[in-house]
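Reader: Please give me a close look at a single part of this structure, and connect that part to whatever surrounds it. Plain wording will do, with the cut-offs stated.

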Amino acid sequence: MARTRPLSPHLQVYRPQLTSMMSIAHRASGIVLTTGTVLLAAWLVALAHSAESYEMVSGLLAHPLGQFVLFGYSAALIYHALNGIRHLAWDLGYGLTIPEVYRNGHIVLFLTMVLSAGLWAAVWM
Amino acid sequence: MAEYPAGIGHRRRHSGVSHWRWQRCSAVLVLALMTYFTVLLASLGGLDHDGATALVGHPANALALAVLVTVGLWHGTLGLQVVIEDYITIKGGRLMALMAMRAAMAIIGLATLWAVSRIAL
């Protein structure tokens, strides 16, 4: 019976809080980013194949739905990168007290929004 | 040897410390290369076929992209391994999920490397 329970994390028993939500978001964005590598692979394979296949893939990505997917991917990338820096700082022993963990958590969320908006402002201008 | 629940003591060829260390090392490399390509792509906006071919075909970019995809997929493989080990508790199912995930990562990686080398060479 012991083998059927999850080893970690026990998502069901905790009250949602910033720390746990950001940890789960780190995992979720990591899964999205790894899975989304298929898009990069498709784009490159189309580019290597022919101008026609490249135009087709470019057309799909330029479609509003494609742009929405790219926006989601970039936001996941920026969040995972910033929260990854937070993790690396923790690994080096910095920012580990509870007030600091909340403060750097808020900084990561704020910068994710600012950099995502800035990135797409740069793309569309 | 004590009886551990599934997952602990699994895959004894590699230690947890080396998994942890490589995840961090790959993270730093992916962070640097991803920043470079994100800024590069954002500054260019839309790319037509010739522009994209010139960009990916540039030797330095092709090399950087090949390294990014290889190390990035490796980083993703290490991450997905932890997710699978945390949530798939049936022993056979876990092993199958791990192998399927690694096979998928290998296919994506090989397709990308084939494309990049075809464009650049």
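Author: Residues are numbered from 1 along each chain as its sequence is written, and chains are lettered from A and ligands numbered from 1 in the order in which they are written. Chain B as a whole has a mean pLDDT of 87, with 88% of its residues at 70 or more. The model scores are ipTM 0.86 and pTM 0.87. Where pLDDT is low, the predicted coordinates should not be read in detail.

The part to look at is helix 1 of chain A. This helix has 32 residues and reaches 46 Å from its first C-alpha to its last, close to the 46 Å expected at 1.5 Å a residue; the expected span is 1.5 Å times one less than the number of residues. At Thr35(A) helix 1 of chain A bends by about 25°, the bend being the angle between axes fitted to the seven residues ending there and the seven starting there.

Several residues of helix 1 of chain A are buried, including Ser29(A), Gly30(A), Leu33(A), Trp43(A), Leu44(A) and Leu47(A). A residue is buried if 20 or more other C-beta atoms lie within 10 Å of its own, exposed if 12 or fewer, and partly exposed in between, with C-beta atoms placed from the backbone. The buried residues of helix 1 of chain A pack against helix 2 and helix 3 of chain A, and also against helix 2 (49–57), helix 3 and helix 4 (91–120) of chain B.

Between the chains, 31 residues from chain A and 30 residues from chain B take part in the contact; two residues are in contact if their C-beta atoms, placed from the backbone, lie within 7 Å. On the side of chain A that touches chain B, helix 1 of chain A has the largest share, 13 residues. By class, that side has 20 nonpolar, six polar and five charged residues, where Ala, Val, Leu, Ile, Met, Phe, Trp, Tyr, Cys and Pro count as nonpolar, Asp, Glu, Lys and Arg as charged, and the others, Gly among them, as polar.

The largest nonpolar core has 19 residues, and among those touching the most other members are Leu44(A), Leu47(A) and Val116(B). Such a core is a set of buried Ala, Val, Leu, Ile, Met, Phe, Trp, Tyr and Cys residues joined through C-beta atoms within 7 Å. Helix 1 of chain A gives the most to this core, six residues. Leaving aside neighbours within four places in sequence, Val116(B) is in contact with Leu44(A), Val56(B), Ala62(B), Leu65(B) and Ala66(B). Apart from this core lies another, of eight residues, among them Leu33(A), Ala81(A), Leu82(A) and Val108(A).

Chain B has four helices and zero strands, and 17% of its 121 residues count as buried.

Note on methods
This is a predicted model: local features need pLDDT of at least 70, side-chain atom pairs count only at pLDDT 80 or more; totals for chains, interfaces and linings use all residues. Helices (H or I, at least four residues) and strands (E, at least two) are DSSP runs, numbered from the N terminus. pLDDT is the predictor's confidence in each residue, from 0 to 100.
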